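Below is a set of questions and answers for a reader who is new to this structure. Please look at the sequence and the model first.

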Amino acid sequence: MVGAYARPVENRSAPHSAPRTAAFFDLDKTVIAKSSTLTFSKSFYRGGLINRRAVLRTAYTQFVFLAGGADHDQMERMRAYLSALCRGWNVDRVREIVAETLHDLIDPIIYDEAASLIEEHHAAGRDVVIVSTSGAEVVEPIGELLGADRVVATRMVVGEDGRFTGEVEYYAYGPTKAEAVRELAASEGYDLDRCYAYSDSATDVPMLEAVGHPHAVNPDRALRREAVSRGWPVLSFTRPVRLKQRLPALSMPSRPVLTAVVAVGAAAATAGAVWYAGRRKRAARVRCI
């Protein structure tokens, strides 16, 4: 199943020698501050895919999602609503709208803390995998923007006319996420005991249980209770920031290089000060003559 749904993105890393490790990230409210799918509702409206009433309903759904997360029943209602909503949408048009508005809508709501974690995992030689219940047409471009190596996402059935039928081909949710993680680990050679996972929702407990280093991020109440009882780290991400406005730690020189740069700078400053003092003395002697 994973072979069909764990899509590599253009950032995919080169093959590594075994054993390998990975960091699995839920997307909504874990890496970005909102629901990825619902964030595009106004763009879909301007693109002629939905009406104003649908925009208002998705705005309300976004509010409920942000206020307290979504339990299993709410997620099922959201899935049914979005599946019916996208029935008849032209898939290529959806991808065009997402590509045109991705940076304006998603870039400003990426958590700085999550972006730093992604950088740290890559620096440690781990693959980064986004595992999201949102649709692949939205998640895959976001994964590429984030520098992820692979994406696991919900996939809708596309008819021969290139339009969504409203049926779900693969639903990346709950235990299915954990199955995808295990199957991807088997196919890619990941040592799950050494892998990491991050999520905000209790519905992702199966995915968190599948790895040796689970983390609760901005957890809902149920996941917070679970994390406390199991001794899982609880992280708080609060700083959405545009990627271009960040100063990634990985872009800084290594400590030996940085030390050398500082030493050279100090030497240059000292030489400059000596030159300037000597020049002032010579000027003083000229004035005296």
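Q: In which strand is the place of Thr154?
A: This is a predicted model, in which local features need pLDDT of at least 70, side-chain atom pairs count only at pLDDT 80 or more, and totals for chains, interfaces and linings use all residues. Residues are numbered from 1 along each chain as its sequence is written, and side-chain values use heavy atoms, with hydrogens and water left out. Strands (E, at least two residues) and helices (H or I, at least four) are DSSP runs, numbered from the N terminus. By that numbering, Thr154 belongs to strand β4.

Q: Is Thr154 buried or exposed?
A: Buried means under 20% relative accessible area, exposed over 50%, and partly exposed in between, with a 1.4 Å probe and protein chains only. The relative accessible area of Thr154 is 6%, so Thr154 is buried.

Q: How many of the nine residues of strand β4 are buried?
A: Strand β4 spans residues 150–158. The strand is largely enclosed by the rest of the structure because the buried residues number seven of the nine.

Q: Which residue is the bridge partner of Gly135 in β4?
A: Two strands pair if DSSP finds at least two bridges between them. Strand β3 (residues 127–135) and β4 run parallel and are joined by five bridges. In β4, the partner of Gly135 is Thr154.

Q: From which residue does the backbone oxygen lie 2.6 Å from a polar atom of the side chain of Thr154?
A: A polar contact is a pair of N or O atoms within 3.5 Å; within protein, one must be able to donate a hydrogen and the other to accept it, and residues adjacent in sequence count only if both atoms are side-chain atoms. At 2.6 Å from the side chain of Thr154, the backbone oxygen is that of Thr133.

Q: What is the angle between the planes of Phe40 and Phe44?
A: Rings of Phe, Tyr and Trp (its six-membered ring) pair if their centres lie within 6.5 Å; planes under 30 degrees apart count as stacked, over 60 as edge-to-face and the rest as tilted. The structure holds six aromatic pairs. One of them, Phe40 with Phe44, is stacked, with 6.1 Å centre to centre and planes at 25°.
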